[in-house]
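Hello,

Here is the structure I promised to pass on. My notes on it follow below.

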Amino acid sequence: MTTAEQKLPGEPNIRVRIQRGVGQVTLTSPTKVQVYALDAPASKQLLSTPLTLRLSAGQWLTGSPQPLSRNSIVVIDPLGPAPLGVDKHRYPGAIRLVPQTRDQKNIDPAHDRFDVINHVRLEAYLPGVLDRELYDHWQPSAYLAQAIAARSYAISRIIDFGPGRHFDVENNQTSQAYVGLASTAICNRSVADTMGLVLTWNNQVIPAYYSSTCGGVGSSDEDAFGTASSIAPLRPARTHSYCANSRYFDWGPFRQKRSVLARRIAAWGQSRGYSIANLDGIVYIRISKTNHLGRPVEFEITDRQAKSYRLGGENFRYACNYSSSDRKIDPPDNRLYSSFVDVKIDNDDVVFANGHGFGHGVGLCQFGSEGMARAGFSPMQILAEYYPGASVDRAY
Ligand SMILES: [Zn+2]
């Protein structure tokens with residue numbers, strides 16, 4: 001939970017991991033670029049593009065005779081206003097290359113690999129989020145509501161994760177999707193028109209989660225992620241059908257072989273270090289808890305040893321969708337779009353029926369927001385629906 005004072009000293013920068021554990025990267029620009037090692041900023045050099053950088057036994061190779069210090073973080077700044085190109089995308093702000101080392105947790109320990117991080121002003125980052133998160137033809141009100149939610153989410157991640165690691169957010173659905181420079185005017189306009197506006201509760205910026213389609217009933221962050229949070233606006237207040245136009249509003253039934261699903265769930269447990277790694281077949285499977293509005297939020301699986309395991313909503317979905325070539329677990333024929341689904345045994349199969357929604361269902365429902373916008377609701381009304389009790393305030 002975000003604990004910093006809500007008023008920020010000004011617009012923050014955000015650090016977005018745009019590539020993870022790569023062996024080389026190529027940058028482009030209409031001009032030369034400035035390159036230096038973060039621990040030796042006086043060593044700035046101007047290099048031509050396209051510029052390919054790679055690590056070899058800890059030494060940066062840039063094609064330039066002037067070496068950069070071993071295993072240093074490398075900064076690449078554009079010289080003028082034109083954005084830097086990294087592979088197929090263009091990015092506002094600067095790029096940093098951060099070598100991975102053997103002692104970084106949860107990171108591929110291979111040597112000579114590095115993360116590519118985009119350091120960018122928050123307001124320059126947000127249009128590239130809207131570009132990936134919403135459809136071009138969606139309503140201005142849906143864009144404005146999404147801009148405020150995405151800004152709030154980003155600020156909460158900067159405050160919560162910033163100090164402990166070399167990036168604040170990923171560029172994918174682990175955090176929020178991000179394309180770099182936005183390609184449509186509505187993305188830039190929606191961010192400019194809401195500049196600095198965030199969702200707050202108890203004078204704190206809230207992590208304003210959102211997902212594609214809630215299916216009519218949302219979830220709290222506690223129920224979806226198992227986090228011990230007490231942020232009231234992240235608890236759904238009521239059911240609705242604003243997202244009924246989403247193709248994921250109703251789905252299923254899907255089947256998986258009981259034995260295959262059991263191996264899949266056990267392998268998922270193994271990958272996370274959870275006790276369900278010991279799951280021995282599936283004898284019984286049921287929804288063990290629903291929230292006050294009727295959405296399933298916990299599932300219980302009983303195995304041949306008569307052992308029962310309970311999984312929260314999102315963990316259940318991840319486990320049922322898990323695949324791994326290393327563990328020889330093929331992807332399921334049909335992935336569960338959400339954990340808002342009935343589950344039962346039918347002979348050798350587990351049947352998932354009456355599925356609703358796509359994603360975790362916490363906070364704003366994107367298809368619901370678009371449905372509300374089409375029905376004439378304002379961005380503030382949309383945010384009040386999906387973050388009940390939250391205020392919209394200016395953070396800077
Ligand atoms: Zn919805």
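**What the model shows**

The mean pLDDT of the protein is 93, and 96% of its residues reach 70 or more. pLDDT is the predictor's confidence in each residue, from 0 to 100. Residues 1–6 fall below 50; beyond near neighbours in sequence, this stretch has 17 contacts in the model. A contact means that the C-beta atoms of two residues, placed from the backbone, lie within 7 Å.

The model is predicted: local features need pLDDT of at least 70, side-chain atom pairs count only at pLDDT 80 or more, and totals for chains, interfaces and linings use all residues. Numbering starts from 1 along each chain as its sequence is written.

Now the strands. Helices (H or I, at least four residues) and strands (E, at least two) are DSSP runs, numbered from the N terminus. Two strands pair if DSSP finds at least two bridges between them.

Strand E1 (residues 13–22) runs antiparallel to strand E11 (residues 114–121), with seven bridges. Valine 22 stands opposite phenylalanine 114 in E11. E1 also pairs with strand E12 (residues 169–170), in the parallel sense, over two bridges. There, valine 16 has valine 169 as its bridge partner.

An open sheet of three strands has the order E16-E21-E20, with antiparallel pairing. Its edge strands are E16 (254–257) and E20 (342–346), each pairing on one side only. Four bridges join E16 to E21 (residues 349–353). Arginine 255 has valine 351 in E21 as its bridge partner. Helix H5 (residues 258–272) packs on this sheet and touches E16, E20 and E21.

Best wishes

How values were computed
Axes fitted to C-alpha atoms, helices over the stretch in contact; angles between N-to-C directions.
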